[in-house]
Amino acid sequence: MAERIPLIAGNWKMYRTHQEAAELVRALIPRVADVSYCEVVVCPPFTALTTVAELLKGTRIALGAQDVYWKSEGAYTGEISPLMLKAVGCRYGIVGHSERRQHFGETNATVSSKIKALYDAGLIPIICVGERLEEREAGRTHEVVSRQIDECLDGLEEEKLAASVVAYEPVWAIGTGLTATPEQAQEVQAMIRGQVAALYKKQVADALRILYGGSVKPESIRALMAMPDIDGALVGGASLTVESFASIVHFA
Ligand code: PEP
């Protein structure tokens, strides 16, 4: 089986001015400098990307954006293109986050366009999927997540998918303090890997990194990372303080 390098990504959401972001990342760099067993990524707001990119030069921490538009340029007021993200030094781009699905009309179809546009610009997508509470309670978790996977990955070439990152983020666990149990996350993430193996082939599924996201804390990371299909975490709230994010990164 292909070895999957764990990945811990911090999604700062709409928190931190560029000055505050600089302060946070300056403090974070020495705290994770010794980490070689996993990739560390920070995803600040757009306005802080350039500042943070400068500070990350020469470190092992990679930069990601929280969203992207699928055109390379044009009359799309307010949008940011994959080329612009690449030019400031991003390596990753989050797409399909549930907050974007809930408040900004993100759909599986727009996620699919964004994934392709990120690849065309040389960036790696972090593709978020996950069910809402009422969907879980109705026993529809597999149906909802597998449809998201199907539609978001539509038409994506296998080598691109193998290099991608999927984040399973049950909506009911995001920012609520409710973490899925390691077993609940493992169960869905194994389903996702099985689906990718069926849609593509086993080698692609084995290479794909699948993160868990939803109220991950220093206290919960170890048990999550012990699961065979959990390859890392997408961390929101707990990535905003150096103490908690560094201790999540030090899960091993
Ligand atoms: C997220 O924003 O992707 C997330 C998982 O947030 P939190 O860790 O705060 O639940």
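**Contacts, crossing and burial**

Student: Leaving aside its neighbours within four places in sequence, which residues is I115 in contact with?

Tutor: I115 touches V95, P125, I127, C152, L153 and L156; contact means heavy atoms within 4.5 Å. This is a predicted model, where local features need pLDDT of at least 70, side-chain atom pairs count only at pLDDT 80 or more, and totals for chains, interfaces and linings use all residues. Residues are numbered from 1 along each chain as its sequence is written, and side-chain values use heavy atoms, leaving out hydrogens and water.

Student: What makes α5 oblique to α7?

Tutor: The axes of helix α5 (residues 108–120) and helix α7 (residues 141–152) come within 8 Å and cross at roughly 45°. Angles under 35 degrees count as roughly parallel, over 145 as roughly antiparallel, 65 to 115 as roughly perpendicular and the rest as oblique. Therefore α5 is oblique to α7. Helices here are DSSP runs (H or I, at least four residues), and strands are E runs of at least two. Axes are lines fitted to C-alpha atoms, for helices over the stretch in contact, with angles from 0 to 180 degrees between N-to-C directions.

Student: Which residues make the contact?

Tutor: N108, V111, S112 and I115 of α5 meet R147, Q148, E151 and C152 of α7.

Student: Why is L240 called buried?

Tutor: Buried means under 20% relative accessible area, exposed over 50%, and partly exposed in between (1.4 Å probe, protein chains only). L240 has 12%, so L240 is buried. The residue lies in the loop between β8 (232–235) and α12 (242–249). Leaving aside neighbours within four places in sequence, L240 is in contact with W12, Y15, R16 and L24.
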